[in-house]
Amino acid sequence: MLIGMNKCYNYWEFLLIFLLGLGICTSCNGQQQDQSENKIIENQWQQIKTIDEGGLIGERVDLWRNHRLWNIGNSDYIIEGFEKRPGMHPWQGEHLGKWLHAATLAYGINRDEKLKLKLDEMVERLLATQLESGYTGTYGESYTFMALPENDIKTELADDIQPTKKKANSQANDEAPGGGWDTWTIRYNMYGLLTYEAYFPNQEVVEACKKMGDLLIGIYGEGKYDLSKYGTRQGISATTLLESIVMLYERTLDKKYLDFAERIVKVSEENPKHRLMGTMLEKGSVVYPGDGKGYQLMANLLGYLRLYRCTGNEKYLQTVLHGWQEIQEKHVLTTGGPWTRKMPYNGNKECFAKTDAFHPDKIVVEGCNNATWIQLNIHLFELTANAKYFNEAEVALLNSTYGHQYSDGIEWCYYMAPNESSPKYEPRFHCCGSSQPRGMEMYSNHLAGIVNDNLSINTLSASKIKLPEQFGGGTLDIESGFPLTQNSTIIVNPIESKEFTLEFRVPLNTSVKRVSVNKEDVELLQNERGFLQLKRLWAKGDQIIVDYEYELKATIQDGEEGKRWVAFTYGPLALAQKIDRMPGEEPFFNIDFANPDELLGQLTKSATSSAEFNIEGGNSIIIPYYQTGTKNSGPKTYFTINN
Ligand SMILES: [Zn+2]
């Protein structure tokens with residue numbers, strides 16, 4: 001029996017955990033476990049430890065680690081719904097699992113012992129709330145998924161955006177604040193707990209997750225109720241459970257969890273309004289399955305990707321790849337954020353819409369949608385080691401995520417429109433404020449790795465990486481002002497000289513001008529995965545200087561009523577004008593839309609700033625999108641073309 005490596009471990013941690021796991025399993029609870037013979041398909045790319053991040057990436061991830069992380073972690077709100085059932089809000093329970101995920105990954109980098117104590121405390125408190133049945137949600141007895149297994153009563157169901165409110169003056173102790181989301185809570189409990197447990201092996205945590213899994217199998221397993229009938233958006237919210245159940249299978253290798261995962265697929269496919277896999281295999285659109293609910297649809301794809309790795313069933317992989325392609329081609333902005341809009345044929349403003357619904361003032365990027373797109377790309381990157389997936393994740397991080405994050409480190413936007421004059425940054429706990437740090441931490445945990453015995457460097461941003469023994473031990477240091485400068489110095493500092501192939505990824509829309517090793521120019525080969533590589537004997541202090549050049553690009557976007565817009569990017573950076581009020585509908589450009597080169601000809605690079613352009617014929621400038629959002633200003637990313 002072989003086991004694949006989970007994304008959360010570095011190489012040595014994994015080995016340790018695996019060995020500990022073996023020891024624990026032989027002495028566990030004595031119940032018969034049907035061990036699967038399936039081989040888990042290993043990811044091609046295995047992360048190695050990030051010690052520190054610098055530059056913009058370090059600054060932004062520290063805003064979260066020093067502020068929001070503690071703001072959430074020290075709040076009673078995330079645990080109160082479990083400790084004093086019922087909770088106040090239908091998906092109040094999600095925040096703890098999301099926090100455990102992001103905060104555990106943060107600990108993986110900064111090794112902050114105070115954070116470790118906080119993580120332990122929150123896990124212990126959550127586990128203490130588990131009922132004998134295994135239930136670990138925030139609902140009162142009368143409206144859990146056990147009480148309402150097939151919830152067709154829409155009036156009691158909390159909608160995705162505006163949950164029904166608990167009635168004022170109600171004396172009923174367990175009156176629903178709107179139901180239908182406690183399988184969702186358990187999905188996040190399991191995700192957070194299993195991530196924590198991957199770093200801090202603890203059989204008690206595994207047993208608690210098994211009890212949650214067993215409870216769900218008892219209600220929704222073979223011959224029982226249909227999970228796709230529970231909750232919102234044709235069941236696609238509830239079936240996000242798939243990924244967490246597969247994680248539980250990966251951890252336990254107990255076949256019943258894999259069977260349950262396949263059962264979730266089966267009921268999803270039998271539900272004509274869900275049917276995500278069938279639709280993707282027919283090369284259909286993401287606009288229809290589960291009402292096109294973006295965040296949930298991508299979270300389902302995350303489940304299919306894990307299920308592929310556990311079964312080798314190509315159908316699951318093809319589902320993910322077609323979904324990825326549809327989203328990448330039709331639903332992603334130049335900022336990397338996936339956009340959505342309410343239309344008559346979908347569910348609400350968080351649902352994917354057809355290209356002809358595009359309008360930069362009327363669409364939104366939901367923060368969770370953005371974070372889940374980053375997750376999907378990072379997991380596809382781990383599987384394939386193909387640079388194209390990490391490029392997408394990087395663009396979404398540098399633009400969309402940083403646009404949603406406020407400079408005080410606490411506040412986040414739930415939605416951002418590509419054109420809006422006052423993004424709504426707010427301190428309250430919402431799904432998006434809890435999701436987005438997960439994308440940031442996943443990025444930070446994937447700065448370098450191992451693929452086919454190559455040292456694979458995934459960033460040109462300032463950072464410090466721990467070199468594993470196979471590369472001579474020691475560290476790898478990158479010095480750079482990325483993404484605002486266009487050169488980086490990679491310093492290889494092994495304790496012992498070693499011969500190996502070093503490869504690095506070049507950001508999107510960027511070409512390499514010159515690379516030198518110890519001041520001598522070298523020619524690099526681009527491998528089939530899009531990385532530039534060089535094999536040699538690497539010794540302490542070897543310096544690779546990479547000079548690169550961002551491409552200035554105009555992207556033409558079709559949209560509502562045959563209108564067209566143009567947006568500009570500079571390397572991986574989306575550009576936008578900083579506006580403090582919404583301009584009217586008057587065309588910004590007045591030339592032939594079919595010729596993006598002419599549009600580019602209207603831009604001249606500012607002499608004073610590295611990523612700023614003046615627009616000819618006006619007194620406007622465009623700057624990196626992420627710099628436009630304040631309490632009094634926002635981005636204008638898409639400009640009308642008069643055609
Ligand atoms: Zn959200």
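Here are some numbered notes on this predicted model, from the overall make-up down to single residues.

1. Ground rules. This is a predicted model, with local features needing pLDDT of at least 70 and side-chain atom pairs counting only at pLDDT 80 or more, while totals for chains, interfaces and linings use all residues. Numbering runs from 1 along each chain as its sequence is written, and side-chain values use heavy atoms, with hydrogens and water left out.

2. Overall make-up. The chain has 16 helices and 25 strands; these are DSSP runs numbered from the N terminus, H or I of at least four residues for helices and E of at least two for strands. Of the 643 residues, 63% are buried (buried is under 20% relative accessible area, exposed is over 50%, partly exposed is in between, with a 1.4 Å probe and protein chains only). The exposed surface comes to about 23600 Å², with carbon and sulfur atoms supplying 49% of it (Shrake-Rupley areas with a 1.4 Å probe; for residues, only the protein chains shown count as cover). Among contacts with a separation of 6 or more, 72% are between residues 24 or more positions apart, a contact being heavy atoms within 4.5 Å.

3. The zinc site. Four protein donors hold the ion: E366 through OE, and C368, C431 and C432 through SG, at 2.1 to 2.3 Å. Donors here are N, O and S atoms within 2.8 Å of the metal (3.2 Å for Na, K and Ca), and since water is not among the atoms, sites may look incomplete. The angles among the four donor atoms are 106 to 113 degrees, and the site is tetrahedral (for four donors, all angles between 85 and 135 degrees). Along the chain the spacing reads E-x1-C-x62-C-C. E366 sits in strand β3 (365-366) and C432 in helix α15 (431-444), so this pair ties together parts 66 residues apart in sequence. Both E366 and C432 are buried.

4. The seven-stranded sheet. An open, antiparallel sheet runs in the order β2-β9-β10-β11-β17-β13-β14, where strands pair if DSSP finds at least two bridges between them. At the edges are β2 (50-53) and β14 (520-521), each pairing on one side only. Inside the order, β11 (487-493) and β17 (542-550) run antiparallel and share six bridges; S488 has V546 as its bridge partner in β17.

5. Pairings around β23. Strand β23 (621-624) pairs antiparallel with β20 (573-579) over two bridges, and L575 stands opposite P624 there. Strand β22 (613-615) also pairs antiparallel with β23 over two bridges, with N614 opposite I621.

6. Aromatics. I'd look at these next: there are 32 aromatic pairs (rings of Phe, Tyr and Trp, the last by its six-membered ring, with centres within 6.5 Å; planes under 30 degrees apart are stacked, over 60 edge-to-face and the rest tilted). W181 and W184 make an edge-to-face pair, 5.1 Å centre to centre with 85 degrees between the planes. W181 counts as buried because its relative accessibility is 3%, and W184 is buried at 3% too. The F500 and W538 pair is tilted because the ring centres are 6.2 Å apart and the planes are at 35 degrees. That pair links distant parts of the chain, with F500 in β12 (498-505) and W538 in β16 (531-538), 38 residues apart; F500 and W538 are both buried. One aromatic cluster is formed by W45, F381, F390, Y443 and F531.

7. Backbone spots to check. The R85 to P86 peptide bond is cis, with omega near 0 degrees, and P86 is in the loop between α3 (77-83) and α4 (94-110). The F482 to P483 bond is cis as well, with omega near 5 degrees; P483 is in the loop between β10 (475-480) and β11. Two non-glycine residues with positive phi also deserve a glance. R111 has phi near 50 degrees and sits in the loop between α4 and α5 (113-128), partly exposed at 33% relative accessible area. D453 has phi of about 65 degrees in the loop between β7 (448-451) and β8 (454-457), and D453 is exposed at 56%.

8. E598 lies in helix α16 (596-601) and is partly exposed because its relative accessibility is 40%.

Methods. Tetrahedral: all angles 85-135°; square planar, octahedral: opposite > 155°, others 65-115°.
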